[in-house]
Amino acid sequence: MKKKKTKNSKNSITEITAGLEAVRGISAAGVACGLKEKGGLDLALFASDRPCTVAAFFTRNRLIGAHIEVCRAHLKHSGNRAMMLIVNSGCANCATGKHGVRDAELVVKKLSRLTKLPTEQVLIGSTGLIGTRLPAEKIVKKLPELISGLSKSDSRKAAEAIMTTDTRPKMCAVKVKTAEGTYHIAGVAKGAGMIAPNLATQFAFIFTDADVPQTILRSISRRCVDESFNSIIVDGDTSPNDTVFVFANGASGVQIVDCGVRNSN
């Protein structure tokens, strides 16, 4: 597909009722694998049908979850590219030492083998109770079901699977019309309680089918993160697992070349 370049002028942004399925090339799934004491969906998968440029932001807490160490390594090796993200709730896999990192890597490697994706293009996130090891075997057992459940028309199960103390799933999507074409942006998030600056105890995963170079994507995302997640405070606590990922897969054919922000890399 020939790419059309666009600048941030005379654009029309409309909120739409769709979830992540609004973004071309994105699919999602959610299953239960027994990580939550009360049961329910606790394992989500987000996938793109082509490599994405990724901007990643993590907690500034001195204690960090094992998934952050794994994701940083993968993004470094892939050049900030990824095609898949697996996320569990019910266990933060934090304060678990080297065992936690190995558990996270085991899940990622098994998933990459089943999907035939490069390991470095698979990211992982964990949220929930701190101090308990990730039940990697339970997750691995559910991977075939999770993969087969990927849907391009229903992302609600994935949104529910990342919830912890949230009372409802959080999703939104917009359609952006430009003179050069139309692209979409959609996001899913979790977070309730322990709200404080520097990512606000959140998981937020944002997807767009615009084609955005990594330097521009990071500049845009950095400004948005600073003006939203890093500007919230309720009880003064912070979390060791806060993560924001922004994925741009270019499936719309519309390329963002200038958004009036400086490169913050």
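User: Which strands and helix do the buried residues of helix 1 pack against?

Analyst: In this predicted model, the buried residues of helix 1 pack against strand 4 (43–58), strand 5 (81–88), helix 2 (97–115), strand 6 (122–126), strand 9 (203–208) and strand 10 (243–248). The buried residues in question are Ala 66, His 67, Ile 68, Val 70, Cys 71, His 74, Leu 75 and Ser 78.

User: How do you know what span is expected of helix 1?

Analyst: Helix 1 covers residues 66–78, which makes 13 residues. Just after helix 1, Gly 79 takes a positive phi of about 70°.

User: Are Cys 91 and Cys 94 buried or exposed?

Analyst: Buried means under 20% relative accessible area. Cys 91 has 3%, so Cys 91 is buried. Cys 94 has 0%, and therefore Cys 94 is buried.

User: What makes a group of residues a nonpolar core, and which residues have the most contacts inside the largest one?

Analyst: The members must be buried residues of nonpolar kinds, such as Phe, Ile and Leu, joined through side-chain atoms within 4.5 Å. The largest nonpolar core has 56 residues, and those with the most contacts inside it are Phe 46, Ile 86, Leu 123, Ile 139, Phe 205, Phe 245 and Phe 247. Strand 4 gives the most to this core, with nine residues. Apart from it lies another core, of 18 residues, including Val 212 and Phe 229.

User: Which residues does Phe 245 touch?

Analyst: Leaving aside residues up to four places away in sequence, Phe 245 touches several residues, among them Val 54, Phe 58, Leu 123 and Phe 205. Two further partners of Phe 245 are Cys 71 and Leu 75, both of which are buried in helix 1.

User: Why is the pair Lys 142 and Glu 145 called a salt bridge?

Analyst: The term requires a side-chain nitrogen of Lys or Arg within 4 Å of a carboxyl oxygen of Asp or Glu. In this pair the closest N and O atoms are 2.9 Å apart, so the pair meets the cut-off. Lys 142 and Glu 145 are three residues apart in helix 3 (residues 136–148), which means that about one helical turn separates them. In an α-helix, residues three or four places apart point the same way, because there are 3.6 residues a turn.

User: What makes Lys 142 and Glu 145 partly exposed?

Analyst: Partly exposed residues fall between the 20% limit for buried and the 50% limit for exposed. Lys 142 stands at 25% relative accessibility and therefore counts as partly exposed. Glu 145 has a relative accessible area of 41%, so Glu 145 is also partly exposed.

User: Which residues are linked in a network of salt bridges?

Analyst: Asp 49, Arg 50 and Lys 152 are linked in this way. Between Asp 49 and Arg 50, the closest N and O atoms are 2.8 Å apart. A search of the whole structure finds eight salt bridges.

Definitions and conventions: Residues numbered from 1 in each chain as written. Predicted model: local features only at pLDDT ≥ 70, side-chain atom pairs only at ≥ 80, totals over all residues. Heavy atoms only, no water. Buried < 20%, exposed > 50% of the residue type's maximum accessible area, 1.4 Å probe, protein only. Helix = DSSP H or I, 4+ residues; strand = E, 2+ residues; numbered from the N terminus. Expected span 1.5 Å × (residues − 1). Contact = heavy atoms within 4.5 Å.
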